[in-house]
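I opened this model to look up one side chain and one ligand site. My entries follow in the order I made them.

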Amino acid sequence: MIKFKSSEITPEKIYKNRRNFIKNLGLATGSLYLSTTSYGLSSSTDENELRNQITAYNDITTYNNYYEFGTQKADPHKNSENFKTDPWSVTIEGAVQKKITLSMDDINKLFATEERVYRLRCVEGWSMVIPWNGFPLKNLLSKVEPLGKAKFISFETIYDPEQMVGQRYPILKWPYVEGLRIDEAMHPLTFMVTGLYGKDLPNQNGSPIRLMVPWKYGFKSAKAIVKIKFLEKMPKSSWMIASPREYGFYSNVNPNVDHPRWSQATERVIGTGIWTPRIKTLMFNGYADEVAQLYSGMDLKKYF
Ligand SMILES: Nc1nc2c(c(=O)[nH]1)N[C@H]1C(S)=C(S)[C@@H](COP(=O)(O)O)O[C@H]1N2
Ligand SMILES: [Mo]
């Protein structure tokens, strides 16, 4: 394998080099949910190639939604530079036998990280493919004993308007809150993210720890989480409070259920040129085989 001085190369080059290396050995990469033949530099507009191509590190880290740091795509990258993520701790509380607080050091010691290459489909109609590092949320949840009456879980981002300029304005109800049903939270695809491209998670992507639920619209994946609560009742997320007719609790990616103001049938792949056609959005963002049974018998137009 070719050796680089680490100062000479971007994480992307290290990453692609490592993946090629792994591929040449004929080993699996741990990216169980995407084809491993699909990265590369092709400019082909073949839809599946576009759908599976890993997004460039630069795009993943400079085109962000993180309203705590501003509403323009370039704002989080610019405004989160000095955000303090150490010390950090996550508290799990609510309908549990005994609440716990874990520091990031505890979390890093307790849970071995793995890589998951997941699609991220934003409700706005764009998508990326991101090589995340982290561990299944269920591993973290197994550290508490939920009470029988617990049915839902909420996730809260840190509230710190001194550091987060966006929280000084009532753009959303702060802190940012999201929620899942317990069975969704316990699903093996539901992931706590602590890194990407094999590096520490950049501040603009939700450092030091964020959620990733790949079959749901991106806004379900709350960033910079400090609190996780077991609940009897369905929590109201910040987006549901902001606009209930546009944003539902489930927010499963669904090409057949349009947003009131635009179609959800197709998506723009970030990093491709403006002339590159949009690709078709897949049911449950392509994860239907794994997750469709969670919603059997449910009217997904009603429970959007
Ligand atoms: N706390 C918080 N989490 C958030 C958001 C936000 O504004 N605040 N934006 C969400 C939206 S709309 C998307 S699409 C994803 C974007 O994640 P990325 O910037 O890592 O691509 O983060 C989600 N998590
Ligand atoms: Mo989004």
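I looked up the side chain of serine 238 and found that it reaches the backbone nitrogen of valine 177 at 3.0 Å. A polar atom of this serine 238 side chain also lies 2.9 Å from the backbone oxygen of lysine 173. I counted polar contacts as N or O pairs within 3.5 Å; within protein, one atom must be able to donate a hydrogen and the other to accept it, and residues adjacent in sequence count only if both atoms are side-chain atoms.

Serine 238 lies in helix H8, residues 238–242 (a DSSP run of H or I, at least four residues, numbered from the N terminus). Is serine 238 buried or exposed? Serine 238 is buried, at 2% relative accessible area (buried is under 20%, exposed over 50%, with a 1.4 Å probe and protein chains only).

The model is predicted: local features need pLDDT of at least 70, side-chain atom pairs pLDDT 80 or more, while totals for chains, interfaces and linings use all residues. Residues are numbered from 1 along each chain as written, chains are lettered from A and ligands numbered from 1 in written order, and side-chain values use heavy atoms, without hydrogens and water.

Next I turned to ligand 1. An oxygen atom of ligand 1 is 2.7 Å from a side-chain N or O atom of lysine 223. A nitrogen atom of ligand 1 is 2.9 Å from a side-chain N or O atom of threonine 157, and a nitrogen atom of the ligand lies 3.2 Å from a backbone N or O atom of asparagine 65.

Methods. Helix = DSSP H or I, 4+ residues; strand = E, 2+ residues; numbered from the N terminus.
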